[in-house]
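I am opening my notebook on this protein and will write down, entry by entry, what I looked up and what I found.

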Amino acid sequence: MNQHNITNESLALSIVLVVIAMLISHREKLALEKDIIWSICRAVVHSADAVANAINISAIHLAAVDGCDVSSRPFGTKFLGI
């Protein structure tokens with residue numbers, strides 16, 4: 001699985017670049033600020049969904065290794081004790 005490491009520095013740099021884009025949009029009267037903010041929200045939701053899927057896949061894998069039957073419950077909830 002291809003995973004990306006998000007460091008504090010890369011997060012700060014991306015925020016700076018987004019702010020620069022918003023400043024340019026505002027200065028040039030392009031009115032893209034709302035679209036930029038919506039794009040940020042979609043990216044955050046997508047990232048959270050990817051993390052949740054990775055956690056569920058890991059739980060299924062661990063349960064299968066331990067010999068638990070995960071076919072009757074979604075995403076390895078039997079392994080997690082739910």
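I am working with a predicted model, in which local features need pLDDT of at least 70 and side-chain atom pairs count only at pLDDT 80 or more, while totals for chains, interfaces and linings use all residues. Residues are numbered from 1 along each chain as its sequence is written, and side-chain values use heavy atoms, with hydrogens and water left out.

**Entry 1: the whole chain**

I looked up the secondary structure and found three helices and zero strands, running α-α-α from the N terminus on. Here helices (H or I, at least four residues) and strands (E, at least two) are DSSP runs, numbered from the N terminus. Of the 82 residues, 9% count as buried; I noted that buried means under 20% relative accessible area, exposed over 50%, and partly exposed in between (1.4 Å probe, protein chains only). The accessible surface comes to about 6,900 Å², and 66% of that belongs to carbon and sulfur atoms; such areas come from the Shrake-Rupley method with a 1.4 Å probe, and for residues only the protein chains shown count as cover.

**Entry 2: helix α1**

I then checked the UniProt record, an unreviewed entry, whose annotation "transmembrane region" covers residues 6-24. Its positions are given in the numbering used here, its feature names are shortened, and its annotations may be inferred rather than shown by experiment. In the model, residues 6-24 are 89% helix and 0% strand, with their end C-alpha atoms 26 Å apart.

**Entry 3: a nonpolar patch**

I6, L11, I15, V19 and L23 make a nonpolar surface patch of about 490 Å². Patches are made of residues with over 30% relative accessible area and no salt bridge, like charges being joined within 9 Å and nonpolar side chains (Val, Leu, Ile, Met, Phe, Trp, Tyr) within 5 Å. A salt bridge is a side-chain nitrogen of Lys or Arg within 4 Å of a carboxyl oxygen of Asp or Glu. L11 is found in helix α1, residues 8-27, and counts as partly exposed because its relative accessibility is 43%.

Leaving aside neighbours within four places in sequence, S25 is in contact with L30, A31, L32 and E33. A21, also placed in helix α1, is partly exposed at 34% relative accessibility, and A21 lies 8.8 Å from L32, C-alpha to C-alpha, although the two are eleven residues apart in sequence.

Most residues other than glycine have a negative phi. K29, in the loop between α1 and α2 (33-66), has a positive phi of about 55° although it is not a glycine. A31, in the loop between α1 and α2, has a positive phi near 60°. K29 counts as exposed at 72% relative accessibility, and A31 is exposed with a relative accessible area of 56%.

Note on methods: Contact = heavy atoms within 4.5 Å.
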